Amino acid sequence: MNGTRSGGRPAGANLLAVRSHNTALVLDLLRTAGTEGISRLELAERTGLTPQAVSKITARLREEGLAAEAGRRASTGGKPRTVLRLVPEAGHAVGVHLDRDELRAVLVDLDGTVVGERRVPAGLGAGAEAVPGLVTGVVEELRRGLGGAGALLGAGVALPGPLDHARGVLHRVTGFPEWEGFPLRDALAGRLGVPVVVDKDTNAAALGLSLPGEGGTGGSFAYLHLGTGLGAGLVIGGRVHRGTRTGAGEFGHQVVQLDGPPCECGDRGCLEALCLGAVRRGDTREAARVLGVGAGNLVGLLDIDLVLLGGRTVTAAPDVFTAGVAEVLRARARREGAQGEGAAVRIAPGGGRGVAEGAAQLVLAPLFGRGDG
């Protein structure tokens with residue numbers, strides 16, 4: 001594929017313009033069908049749309065270079081059916097994980113497959129004057145790698161909270177109060193010339209984990225991220241729960257020890273302060289136990305049955321953290337007389353780039369009717 005349609009416009013350039021409920025249904029089925037494809041009749045049956053509506057939608061998607069024929073399939077009667085597939089390279093998104101001390105970015109196609117990656121040893125600590133240029137440079141470098149094949153649909157940026165997801169404005173990021181009120185989304189959108197979505201790192205990772213075919217689980221679960229800080233992404237009924245003010249998931253700042261050690265948020269005895277303090281002392285088992293206490297509070301509050309763990313601190317000692325958290329949850333379940341062994345605890349798939357991949361899905365998932373960006 002040469003990246004252009006018959007009119008010379010980049011393939012996928014109008015993908016954001018075709019965002020509608022019915023189109024999203026069709027695109028999602030094309031994506032999940034994979035290379036084997038799916039027929040128009042099957043699309044009509046599974047979406048509940050009329051065959052005429054499906055024909056119009058698929059004709060437009062083919063014109064835009066987003067769908068293509070995948071061969072023919074034998075029919076139970078009449079002539080063989082033409083099957084269609086998604087063209088993954090017709091569109092791309094960049095996902096940026098802006099951490100406190102580093103930046104990791106990935107370029108993914110419509111299937112969510114990573115086709116480019118960059119890491120820079122600078123993050124929020126570089127300051128508000130430098131970071132927008134830093135992010136822009138990395139995104140533009142990845143965009144140049146496309147070579148004109150497929151459009152860049154947008155960029156998702158994930159970073160520690162708290163922040164206003166709806167407006168893309170940062171609040172008092174723990175440890176970096178100077179960022180308070182900074183309009184990161186608008187600053188980046190103006191430089192990049194594409195839509196930008198800003199969300200917390202934990203929410204982005206949770207979104208990626210919630211998507212079918214992305215190593216996710218659907219349903220309800222908690223993603224706990226322990227890296228340079230501690231936070232949670234909550235998925236309830238298959239959707240990321242952000243809360244009325246998009247502030248849900250400040251998991252690390254639940255006070256578990258009154259008059260405990262000071263936390264960078266200004267409180268004392270926060271889960272994050274206790275957990276990171278144990279990590280700094282080299283007591284990984286204690287850090288896992290503390291994390292388990294917080295996870296137990298969350299499981300008890302939401303009655304979820306799955307906890308996924310991620311973040312660079314966890315991935316450095318995955319067995320210790322899964323065992324430690326699971327033991328606390330089992331002990332709590334026994335005390336409460338609950339059936340079974342309590343909530344399951346697993347390492348989240350995706351490794352070190354799980355947040356960045358989830359950030360890319362902040363752009364892509366809504367196109368397929370998944371998530372809300």
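Strands here are DSSP runs of type E with at least two residues, numbered from the N terminus. The model is predicted.

**Backbone exceptions**

- Most residues other than glycine have a negative phi, and most peptide bonds are trans.
- Gly161 and Pro162 are joined by a cis peptide bond. Its omega is about 5 degrees.
- Asp259 is not a glycine, yet its phi is positive, at about 60 degrees.
- Asp259 lies in the loop between strand E13 (239–240) and H7.

**Helix pair H2 and H3**

- Two packed helices are described by the angle between their axes and the distance between the axes.
- Helix H2 (residues 40–47) packs on helix H3 (residues 51–63) at an angle of about 120 degrees. Their axes are 9 Å apart.
- H2 and H3 are therefore oblique to each other.
- The crossing of H2 past H3 is right-handed.
- On the H2 side, Arg40, Leu43, Ala44 and Thr47 make the contact. H3 contributes Pro51, Val54, Ser55, Thr58 and Arg62.
- By class, this contact of H2 with H3 holds four nonpolar, three polar and two charged residues.

**Largest pocket**

- The largest pocket holds about 430 Å³ of space.
- Its lining has 29 residues. Gly350, Gly351, Gly352, Gly354 and Val355 lie nearest the centre of the largest pocket.
- Five elements are listed as giving at least two lining residues each: helix H6 (201–210), strand E11 (221–226), strand E14 (306–310), helix H9 (312–316) and helix H11 (354–364).
- H11 supplies the largest share of this lining, five residues.
- The lining of the largest pocket divides into 14 polar, eight nonpolar and seven charged residues.

**Second largest pocket**

- About 340 Å³ of space lies in the second largest pocket.
- The second largest pocket is lined by 22 residues. Nearest its centre are Glu272, Ala273, Leu274, Leu276 and Gly277.
- Helix H7 (271–280) and helix H8 (284–302) are the elements that give two or more residues to this lining.
- H7 gives the most, with eight residues.
- The lining of the second largest pocket has 12 nonpolar, seven charged and three polar residues.

- Rolling a probe the size of a water molecule over the atoms shows where empty space is left.
- A search of the whole structure finds one cavity of 30 Å³ or more.
- The largest cavity holds about 170 Å³ of space.
- It is lined by 19 residues, and Pro160, Gly161, Asp201, Leu230 and Gly231 are the closest to its centre.
- H6 and strand E12 (230–236) each supply at least two residues of the cavity lining. H6 is also listed for the lining of the largest pocket.
- E12 gives the largest share of the lining of the largest cavity, three residues.
- By class, the lining of the largest cavity has 10 polar, six charged and three nonpolar residues.

Terms used. Residues are numbered from 1 along each chain as its sequence is written. This is a predicted model: local features need pLDDT of at least 70, side-chain atom pairs count only at pLDDT 80 or more; totals for chains, interfaces and linings use all residues. Side-chain values use heavy atoms; hydrogens and water are left out. On a 1 Å grid over the protein atoms alone, a cavity is a set of points where a 1.4 Å probe fits but cannot get out, and a pocket is an open set with protein on both sides within 12 Å along at least five of seven lines; lining residues have an atom within 4 Å of a point. Grid points are joined across faces, edges and corners, and a volume is the space filled by probe spheres set on the points. Helices (H or I, at least four residues) and strands (E, at least two) are DSSP runs, numbered from the N terminus. Ala, Val, Leu, Ile, Met, Phe, Trp, Tyr, Cys and Pro count as nonpolar, Asp, Glu, Lys and Arg as charged, and the others, Gly among them, as polar. Axes are lines fitted to C-alpha atoms, for helices over the stretch in contact, and angles run from 0 to 180 degrees between N-to-C directions. Angles under 35 degrees count as roughly parallel, over 145 as roughly antiparallel, 65 to 115 as roughly perpendicular and the rest as oblique. A crossing is left-handed if the near helix is turned anticlockwise from the far one by less than a right angle, and right-handed if clockwise. Contact means heavy atoms within 4.5 Å.
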